[in-house]
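Q: Could you walk me through how the helices and strands pack in this one?

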Number of protein chains: 2
Amino acid sequence: MSQSKNTNRRFVLANRPTGKPDADTFRLEESDIPEIKDGQMLLRSTYLSLDPYMRGRMNDSKSYAKPVEIGAVMTGQVVAEVVESQCDGFAQGDHVLAFSGWQDYAVSDGKNVINLGKDPKHPSWSLGILGMPGYTAYAGLTQIGAPKAGETVVVAAASGPVGATVGQIAKILGCRVVGVAGGAEKCAHVKDTLGFDACIDHKSKSFEDDLAAACPDGIDVYFENVGGRVLYGVLPLLNPFARVPVCGLVGWTNLDGLPEGPDHGPAIMATLVKMKVKMEGFIIYDSFPLSLYDTFSKEMGKWLEEGKVHYKEHIVDGLENTPDAFNDMLDGRNFGKTVVKF
Amino acid sequence: MSQSKNTNRRFVLANRPTGKPDADTFRLEESDIPEIKDGQMLLRSTYLSLDPYMRGRMNDSKSYAKPVEIGAVMTGQVVAEVVESQCDGFAQGDHVLAFSGWQDYAVSDGKNVINLGKDPKHPSWSLGILGMPGYTAYAGLTQIGAPKAGETVVVAAASGPVGATVGQIAKILGCRVVGVAGGAEKCAHVKDTLGFDACIDHKSKSFEDDLAAACPDGIDVYFENVGGRVLYGVLPLLNPFARVPVCGLVGWTNLDGLPEGPDHGPAIMATLVKMKVKMEGFIIYDSFPLSLYDTFSKEMGKWLEEGKVHYKEHIVDGLENTPDAFNDMLDGRNFGKTVVKF
């Protein structure tokens, strides 16, 4: 069943998953389309962004954001069209950026909603290169990684929306950029289309050696968003005073407790001391001053216009396919920024 | 046999240890006292500093400093008396700070030697509170930890020369300071004599719970110099935007390869992201501008004069006892800054 004018479909969190979300994790519910009151508007989603952070919201643990309640609609940012409005600043037909979650329709009072206008050129880009993932890449790389021209920058998940952007910005800044991605097709895209200097396949048996060969001068900045084998392969290559912005750990997303050893804790910590390395985690909307977002918007807009930055989306058709698309993304079976089209 | 006027005793590195240094690691050699040439001076050591970094120099691995060669004198900083001088700026009877290593006598050309004058008040303090360990504490805490008044600072190895200083400075800066040390005697010293707000025994079965109870508002700065159980107990208590200066890992010093699991790598990295934590390793003479040393010297000198900082030495008699004293220090059987007196 696809989006209709009479029914609201929504995915609610039915059970907290241990490990990977499965058939018991979400429940598809149907209801009438809600009515609006004065000061409200009705939004019909056109694109839903799927992002690794959502896995964390399914856990009931101390984290940077509140978990999704059992029975509540799964959280998520969407591009939506205003169906009906009694809300100042928003008119029927406007496209907006809102946190409606995994559902067709939502009522909003306009708070935290950004108006994209009647006819945005690439509405879904506001969920990616011009939105949260693009800003994450820009802020983490420039503010924590602080790469200098000539330095070597290694980017994990290089074909993903954040990694692809990090690497392209680092190229613009004059760095040697080495991506890490899963499989030959993604690596070819990263090298040939995105213009990285090299891209190493983390599924290869010789990953560690291949990475070392691609970084003859060591690694000055490692943009971390996967963890696991990639991180452990990077550690011995870090140069003195290297910087490691820690954006996410998608490779460890489904971990439930500590995995089997050996214990890499001592190797991580010893690298920090011996090489005088800085590792810093960040959450995009907490860690940086608001003024940085404007700088990002201007710079990225200019780069896109000049054709200096390439952007790839992985578009999935239909809300009903969201749970599968979410697991595909966690497992790296997407190719580009995952967006569900309604 | 003690120091003599005719013979130079010296410990050379006989074999690279795996794990803890043992009877095969060092060899005590005797030779004639070297003669000096024009531009040189003869130094007789009076105090030798023993420090955890020396264990790293025994390994033949990529590190921040060259390893000690097999057959070469073990490296180390000493306070020495000038026996005879043909070196500008140094006269017989002067006390100096030099890198003579684990031996009675050394010839020096004055390079990297600091003259402490004829009659320094506390010559051995230049190896501790007023020297490398004191400066390490000051720089790591103020430059990376950057604690604000009212924040909670946790200090590992709190009765050691670095930890004791870190905690006392943090108290002067208005923080709640919780030490971690091994055993009731050390903990009592840290609390009663050094003035920390609390000190937790890491040998206790309830260490993790005790630490949590002593940090009701979480941890804003963790000064890391041990690793292991202390680090893993600290991780879940770190507050958003916590800072972790990583100074050393004495608890892991004798590790040979990765220890058995579970793997704490994911827990370390996930804490960095979720809590937006910064971890930064440093090497005291590489990581900070030279001008900081002058600031430290002035501030620490003033604090000592005012009685605001207390300093404890663990003095071992005789060069012949150096190898045992070194292992005692790695295992935490020292109490205060370890110095060998000749």
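Predicted model: local features only at pLDDT ≥ 70, side-chain atom pairs only at ≥ 80, totals over all residues.

Q: OK, at what angle do α2 and α3 of chain B cross?
A: The axes of α2(B) (residues 132–145) and α3(B) (residues 161–172) cross at roughly 45° and come within 8 Å, with axes being lines fitted to C-alpha atoms, for helices over the stretch in contact, and angles running from 0 to 180 degrees between N-to-C directions. The two helices are therefore oblique to each other, a word for angles that are not under 35 degrees (roughly parallel), over 145 (roughly antiparallel) or 65 to 115 (roughly perpendicular).

Q: And which residues of α2(B) meet α3(B)?
A: On the α2(B) side they are B:P133, B:G134, B:T136, B:A137, B:Y138 and B:L141, where contact requires C-beta atoms, placed from the backbone, within 7 Å.

Q: Switching to the sheet, how many strands does it have?
A: The open sheet has 12 strands with mixed pairing, and strands pair if DSSP finds at least two bridges between them. Helices (H or I, at least four residues) and strands (E, at least two) are DSSP runs, numbered from the N terminus.

Q: Which strands sit at the edges?
A: The edge strands are β10 (198–201) of chain A and β10 (198–201) of chain B, each pairing on one side only.

Q: What is the average twist?
A: From one strand to the next, the twist averages 15°.

Conventions:
Residues numbered from 1 in each chain as written. Chains lettered and ligands numbered in written order. Contact = placed C-beta atoms within 7 Å.
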